Amino acid sequence: MSATKFEISKGAEGIFVKNSRFKTTLVSFNFYLPIKKETAAQNALLPFVLTSCGKNYPDFRKLNFKLSKLYGAQLSASAEKVGDYQVLKMSVSVIGDKYTLDGEVLTSEAVELLKSLVFEPKAENDEFCFEDVEREKRKAIEHIKGEFSEKRIYSKGRLIEEMYKDEPYGVPKCGTVEDVEKIDGKMLYKAWKNMLSSAFIRVNVVGDAVPIGLFDSISQMLSTIDRTDITDITKTALTNSADKVNCIKEHSAVNQGKLVMGFSAEPYGEESNNANLLVTTDIFGGGPYSKLFSNVREKMSLCYYCSARSIKIKGLVTVESGIEAKNAEKAQKAILDQLENLKNGNLTDEEYNSSILGITDSINSYNDSSEALEAWYATRFSDDSFVSPEKFTEKVKAVTKEDIIKTAKGIKLHTVFLLLPEEK
Amino acid sequence: MKREIFESPINESYVKAVCSSGVTVYVCEKPQYKSTYAIFGTKYGSIDNCFSVNGGEKQKVPDGIAHYLEHKLFESEDGDAFSRFAKTGASANAFTSFDRTCYLFSCSDKVYENLEILLDFVRHPYFTEETVRKEQGIIGQEIRMYDDSPSWRVTFNMLENMYHNHPVKIDIAGTTESIAKINADLLYDCYNTFYNPKNMFICIVGNVDTEKVLSMCEKTVTGNGDTEITRIFEDEPQTVVKNYVEQKLSVSNPMFCLGFKQNISSPLRRLKSKVCVALLLEIICGECSPLYERLIKEGLINDEFSFEYFNGFDYACPMFEGESENPKAVADAIKAEIKNLRENGIDKKLFSAVKCGMYGDAIRRFNSVSEICMQLTEGAVYDFDIFEEIKLLKTVTCDDVYKRLDVFDDELSVLSVINPLE
């Protein structure tokens, strides 16, 4: 499903993915800002405060009532870290007017609602309302603290924190509890102003048509804002390889241990938008045909799960596994052995074909989900990466065995994080 | 082949057909879509630990055996099912829940090849004492992973204290002790009982041709006799074990699960009751309700808060879950709101907003091949038409919903809490 790009104004673009198969239209506002320790928490709080109420919907119950009357229009907020940036997303998804019972007009109203929440917040004297800010702060703090409860998320978070100490990528995507506590209405209002003036903006539409006048109206609103200094979203730094592997061990009252490993990955290939790292990581630890699944889990029974993922933009590969404490060393060695295997060219036709087929099949299905399509286009950061999912599958098919082996050679262990049960 | 066509006002339809083997097949064509999602399932889950076949003797099997069988079925003499799907590019998986075991694939190419693999591996069990023993390590790891998961524990602690005897209280994967008793003979016994076509269903949604799917199912899935299975449950007292249960785990925020045991006179709920209770839950504490607003403002719940009408064969309980500094205060507030609704009735405006929202949600689900397939699966297990909900939501009245307040009885409530370690 190819997308059309519209220039809204400087540093702001509209992306329209025409797709008539859905019963809904999805519109999202994405604001891209550099992630920094000092501003991460306030930026991350913004989408949540903005979508909880607004000038025209002063309390969240009235807003929720309105959304229900719009046939359960889904208003969502998120703050994600993509490369060295924070992506603040606010979106609405609404069913088509033709499905209403009494001929109500839903799409345009839902889009107006979203626009008004983003651009007309509930604020007085350059300050957000105390009650709204405090409510969302409490929820944010509970959310950040809650990550500790799910040890898989916690362990991955700790790995990234240790691996990128003093670097932007090491900043947690929603900031720290201490930073959230410091936020007040004035500070958040300033963050909102900053978001409007300096963020790179992408407005994505997935559906049958672009709601009439949407991009023009945004362009008009942005024209009243001084947008001279806009975030350049192409400056994510790659991961440096480590001189010495950093190993961190923690103990907690758990039954199952977690072994998480972080690797630096040198980019390989002439064309920057290639799929080399994606395929290499998939063969290493992606699908059930991967080396980690079929050997470390199935043959050696060393962990219930053991999988690898890569983040190309950051030159990062991670491996996550759930292990028994007594097997920690064995599992770590087995995982590294599999990587060594790949580096040594130990790559069967079966592994190679399975991976290419598996990745292609799964990327092709993105077209059947409006959320997947939206996320796909929200994370294309450079012009040459701005291709449709189908188009990208051609890059996947172009990856050769040689590319994989060379890419694997550039993957080096950087940091190990081990969470173990308390010693008795 | 006996077949029925189901139509809807939202431009969707599907076919339900019963093959000569007895297996029921549901096909929903989505020609605009690239992908397909398919499930081959059996009405056999963790609650089926005691049963009789063709009116014979009662058989008791170890807890967790349905789930164990799910793991083993992926293997065959010449490699596992994963490696067969690896050749087509499909992504395959399986899950066991309280009342069903499902094997599935999703793909955007080679759909009939994938269907052939699915239909084949589920019908050809292959395991030996050795391969069965080997699985104990991996399943043991899985059990330990769930033991560490506070969101899993909080629900099961609630169920364990709600039910005296009903097997819904048992962990789906069983325990390290119970799975140690599982051997190849037992697995074959259970397989032959529950994986007979009459007890099974196939649901497929996406870019497929109905006739082709039906003829494949008719040809490949062959019968293995007329097995009548009777689930045997011990009598369940109309009380709960304990109203309050607490466990300490490595968490930062306390978590809770509040359930209300519903006294039921027959094993199954009608779809209309399910829809009415779902609406009622929204009215009690959905995002439009006064109670939700108050709980958020008082700092008692956060975005983790959720609720559902948990129900299946011979069990039913509305359930509320979330994180809270003060779970008891949340539980009291929910009970007080139920009392308030009983005494003062339901706000008509709130009812109409909630109904409208739920109608939209029901339509939205038809965006996704996997969601439609999951709904068909639910329809297959509990024998209803998946378009019925949309029709019911048009006609259901505030009074219908008010009447369902009878599912709540404070005496039969259980509050389960996970507290942080000191």
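Which residues is Ile334(B) in contact with, leaving aside its neighbours within four places in sequence? Select Ile334(B) and look around its side chain. Contact means heavy atoms within 4.5 Å.

Before moving on, some ground rules. This is a predicted model, where local features need pLDDT of at least 70, side-chain atom pairs count only at pLDDT 80 or more, and totals for chains, interfaces and linings use all residues. Residues are numbered from 1 along each chain as its sequence is written, chains are lettered from A and ligands numbered from 1 in the order in which they are written, and side-chain values use heavy atoms, with hydrogens and water left out.

**Stop 1**

Buried means under 20% relative accessible area, exposed over 50%, and partly exposed in between (1.4 Å probe, protein chains only). Helices (H or I, at least four residues) and strands (E, at least two) are DSSP runs, numbered from the N terminus.

**Stop 2: a buried serine**

Go to strand E10 of chain A, residues 257-265, and pick Ser264(A). Ser264(A) is buried, at 3% relative accessible area. Not counting residues up to four places away in sequence, Ser264(A) touches several residues, including Met163(A), Asn240(A), Gly315(A) and His414(A).

**Stop 3: two positive phi angles**

Most residues other than glycine have a negative phi. Asp166(A) has a positive one, about 60 degrees. Find Asp166(A) in the loop between helices H5 (151-163) and H6 (177-181) of chain A. Asp166(A) is exposed, at 84%. Now jump to Asn54(B), whose phi is also positive, about 50 degrees. Asn54(B) is partly exposed, at 48%. Its loop runs between strands E5 (50-53) and E6 (59-60) of chain B.

**Stop 4: a sheet in chain B**

Select E6, E5 and E12 of chain B: in that order they form an open sheet of three strands, with antiparallel pairing. Two strands pair if DSSP finds at least two bridges between them. Three bridges join E5(B) to E12(B). Zoom in on Val53(B), which stands opposite Ile229(B) in E12(B).
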